[in-house]
Amino acid sequence: MSRRVRVVVLAAGLAGLGALLGWAVAGLPAFGDYQGPYGYALDRIVVPLRHTTNVVMATTFDVRGIDTMGEELILYAAVLGIVLLLRGEVEDREERITPGSDALRVGGALAVGGAILTGLWLVAFGYVTPGGGFQGGVAVAGGALLVYLAGSHASFSPFRNEELLDPLEAIGAGGYVVVGLAALASGSAFLTNLFGPGTVGSLLSGGSIPLLNWAAAIEVTFAMLVLFAEFLEAYVVPLARSQS
Amino acid sequence: MTLATLVPLQATVLGLVALGAPLVVLTRDPLRQSLVNGVYGLSLVLLFVVLAAPDVALSMLVVSAVAYPLVILAAVARVRAGRPGKDDATVDSSDEPEQR
Amino acid sequence: MAYLPFAVAIWLVVVGLYGVATSRNLIHLAICLTVAQSGTYVLLLSIGYVKGGTAPIFKGVKLGTTAVDPVVQALTLTDIVVSVTVLALILALALDAREEAGTVDPDRLAEFRG
Amino acid sequence: MSWLPPLLVAIPLLAGAAIAGGDHVTPTPIQQAVAVAAAAATAALSALLLIHVESVEVVHWFGGWKPRGGIALGVDFAVDPFAAGMCLAAAVVVLLALVYSLTYMKEEARIVDALFLSALGAMCGFAMSGDLFNLFVWLELMGVSAFALTGFQARKLGPVQGAVNFAIVTTVGSFLLVLGIGFVYARTGALNLAQAGEALKGKPDGLVIVAMTLVLCGFLVKGAVAPFHLWAADAYAVAPGPVCAVLGGAMTDIGLFGVARSWWTVFSAPFHGHAAGDVLLWLGIVSALLGAVMALLQRHLKRLLAYSVIAHIGVMLAGIGMLEGKALAGSALVFVSHAFLTAALFLVAGLLLLDEGTIDELRLYGRGRAGLGAIWLAATIGLVGAPYVGIYLGHGLIDEAAAHAHREWIPPLLWLSSALVGAALLRAGGRIFLGRGDRADPLLGRELDEDPVTRDALRPLLVGATWVALALGVVVSVVPGIDRRVEHAADRFRDRTEYAGAVLHGTPIAPMPSLPFEVAHSSTETVLYAAGAVLLAFLLALVGLYRERLAGGVASFPARLLAPPVAALKALHSGVVGDYVTWVVVGTAAVGGAWALLLR
């Protein structure tokens, strides 16, 4: 198809798709009138059973924990794939190192500390208040990357060490599966919550939820680090310099 | 927050999101687009907050403030660095005749 | 207002798909994909919204308070992670395209046809 | 035995993580042993599960969140013979591909083992899952593993294009699926298939029609059904042979499993009669014929095979779309045989690349080794469905179902598709292994680049894996008692009430009657159709080989007549992802429109 024909055909198709979706929406209850039983039941069952106050995270890591296992492995497989796609071609790259100014370093270090602390806090309290392994993991990885952006390349190098990152990432993804298998080995269903529910709304609530939450956090943090490192290698620093 | 203030707020944020999407799509230069996309991401964060979904809002926040920009900017930089001097990463208006 | 959020969700999907199908740059295309996907987030969250409901987090909120649906929020979280991974994968492929073909224009990548 | 299903997912996924994580410290042989052992264990456990579920439905509720009062709280795996059989087929295909890869894939690409395993875990999860959103998660995991497996040889334009088109089109397909899931959830408040089906009983309206369109089209994109199939040929053309074996043998076809599963557990509840199935039937027939014709126009072997996969997927979808027990059983048998035969053919293509450095039909003229030629010929005969070989029995069951439903026009179309695919494969085989026929054919287009294999592969191992795949695919039609058992399993698969009872209330299912172990007999029509198809395949192959040498008038007439439609078909498969996305959008709108007209 030439581009012009494509746009015409596409417009017709999108009009049709839009009409279909509109037809479906007309059959929905009005916004805010949702009455489905699933979420309602979870809102009432989960807190007494698990003592975690964040029902979304309890859903993510316990009630529908298998979805999250799949999700962690999606992230894992995607990062493996990206490594496979990108690592080959940048082998002969030259190392480009820019020493940052002292002020930049101090500021960078502070920002890094802040981001990493925020990330860890998000992970730690994820199943009590908003937050969780994914959100915290991305924040921690982002914080670690600020080191790189602040220009002190040397201090970022541990975060680029494949021999360190790959096993850690695998421990996060595999750890989730192992927690699931542990329950199976003890005679319960896969991913059964094995520990007592603990105190309502505290860090000791939720049984296995904190374990899975931390496994996810580890997986996400190191997946993101590998991801960023693969993409950023030797490119962002020159970019930052050329734009400053 | 009472319903009286929440509903107009939701409508406003929905309007922002609805306006943001075509802006992102129609910004054809990837570098500029990643900035517009960042702003669009923040409007989504606001929307999720007013839809009582703080966890999703947080996710969207870290994704649109950390993950997307880092990956996109790095990709843009690498695409541009690929062939020095010739910046055809942003060529999008070159509607040269095609034989298809 | 009764159907506005759903209409916005459809709009996002349609606009995003338009961008995907007409894009001349894989990076642009990948971002358009995330826009279309954001339509799915808005749809899911709007479906599970309950008027006057609090967030489904019962820290300092009495159990049994009307809350919005937690399930759609869990689904959206997964959906967001998927979107990040797909974006990164497509960008990695775009970089390969740049490397091997010297272009990131999907219309010019047609080595195979027929 | 309810502890078994999660293992089919956990074992390959954990092994995959361990392999990739230990990449820097573990010696290669150990990694490879772990990969092969994990796939073998998955296959063995699948077989065990398959035997066990003959007369029970194994339901596993993750986290022990059992349903309360008919409301599913957690996520379940519900395993019937079809699900377990799907796992077994996928595990065996992946196992063969892994063994083949040991010495075939590039040394630095060892991570592919981990990706193979994550794809296997995802396929098993998809086959067993009883939850809509969980299906989406496994579908994504499959996709993400496959994108990288497809594109990692990206040292050329082609692989990049193939992987880009694959990734973008299937991602758009998954948006459709998520939207559909959202609408189902909005209406029923359920993500569990059984519960959603119960809630939709007898309530067909616009929302349900659209939800069905989106969910099924999402799966059809994955299943490479026309007009959603365009990505497949590009992706297969560039993936290494063993990856293609997994893609074409199991991972694409599994999209149809999603169609069948979601139809018979959810959408068959609100919709009755044939109207809904007819759309699928026609999509299947169009795919079968379009794929077959496109296969005839290829000279790049993996691209040819990709279109052959599309054609056979069309046959399977037609069987599903007839909504009959026998026809569904036929589709399942076609799937099993096709999975192994296709894998064998892709593995032969990989070997040709290893031996000769190319997989171009014309460049390989007379260069293929005789041993490979034997495999190629046998697999082709099996894929046509000669009497009692390969997909024959599956075809036969579809024939019987068509006769039973007084739709006698269906079988000839499906057999024609098989014959055309067979002709394409035989023609390629004739040139490559016998060195017969014209040395040029303008209809086949230009040559495409393919990187030669640079490793010292252990050739006997590769040939051995290929023979095993061939043998498994050929014998399917003569396994004693297989037809009655698959039919029984198909009837169980179609029984929504029984499924819902087993999943939501733990009601035991009806026990399996004791079925005899005898080789299936098929109707006279089927024997005739099969013989005719084989004959037609050979005739057309000869025409394809000697077209130029035929008397001037005979040769030029069809060429002149065929040129415009051939050009149009080739233009349709433009290789441009924008076009593909456009067709996905148009296709979805058209399918939804058709259902809107038929079902209201």
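# Reading the labels in a predicted four-chain model

Student: Why is Arg427(D) called buried?

Tutor: Arg427(D) has a relative accessible area of 4%, and buried means under 20%, whereas exposed means over 50% and partly exposed lies in between (1.4 Å probe, protein chains only). Arg427(D), at 4%, is therefore buried. The model is predicted, with local features requiring pLDDT of at least 70 and side-chain atom pairs counting only at pLDDT 80 or more, while totals for chains, interfaces and linings use all residues. Residues are numbered from 1 along each chain as its sequence is written, chains are lettered from A and ligands numbered from 1 in the order in which they are written, and side-chain values use heavy atoms, with hydrogens and water left out.

Student: What makes the pair of Glu361(D) and Arg427(D) a salt bridge?

Tutor: The closest N and O atoms of Glu361(D) and Arg427(D) are 2.8 Å apart, and the rule asks for a side-chain nitrogen of Lys or Arg within 4 Å of a carboxyl oxygen of Asp or Glu, so the pair qualifies. The partners come from distant parts of the chain, 66 residues apart, with Glu361(D) in the loop between α14 (325-356) and α15 (370-384) of chain D and Arg427(D) in helix α17 (residues 410-434); helices (H or I, at least four residues) and strands (E, at least two) are DSSP runs, numbered from the N terminus. Glu361(D), with a relative accessible area of 0%, is buried.

Student: Why is the salt bridge of Arg64(A) and Asp131(D) said to join two chains?

Tutor: The side chains of Arg64(A) and Asp131(D) meet at 2.6 Å, N to O. Arg64(A) lies in the loop between α3 and α4 of chain A and Asp131(D) in the loop between α4 (111-128) and α5 (132-151) of chain D, so the pair joins two chains. Both Arg64(A) and Asp131(D) are buried.

Student: How do you know how much area chain A and chain D bury between them?

Tutor: Buried area is the accessible area (1.4 Å probe) that two parts lose on being put together, summed over both; for chain A and chain D the figure is about 5,300 Å², of which carbon and sulfur atoms give 77%. Trp23(A), Tyr38(A) and Leu84(A) supply 13% of the area that chain A buries against chain D, more than any other three residues. In terms of contact (heavy atoms within 4.5 Å), 60 residues of chain A touch 72 residues of chain D.

Student: What is the corresponding account for chain C and chain B?

Tutor: There, 50 residues of chain C are in contact with 54 residues of chain B. Chain C and chain B bury about 4,100 Å² between them, 69% of it on carbon and sulfur atoms, and the salt bridge count is 0.

Student: What makes chain D as compact as a globular protein of its length?

Tutor: Chain D has 23 helices and 2 strands. The radius of gyration of chain D is 23 Å, close to the 25 Å that the globule rule gives for 600 residues, so chain D is as compact as a globular protein of that length; the radius is taken over C-alpha atoms, and the rule is 2.2 Å times the number of residues to the power 0.38. Buried residues make up 69% of the 600, and residues 24 or more positions apart account for 83% of the contacts with a separation of 6 or more.

Student: Why is Ser287(D) called buried, and where does Ser287(D) lie?

Tutor: Ser287(D) has a relative accessible area of 0%, hence the label buried, and lies in helix α12 (residues 275-296) of chain D. Leaving aside neighbours within four places in sequence, Ser287(D) has contacts that include Val225(D), Ile310(D) and Gly314(D).

Student: What makes Pro29(A) partly exposed?

Tutor: Pro29(A), in the loop between α1 and α2 of chain A, has a relative accessible area of 34% and is therefore partly exposed. Beyond neighbours within four places in sequence, Pro29(A) is in contact with Tyr3(C) and Phe6(C).
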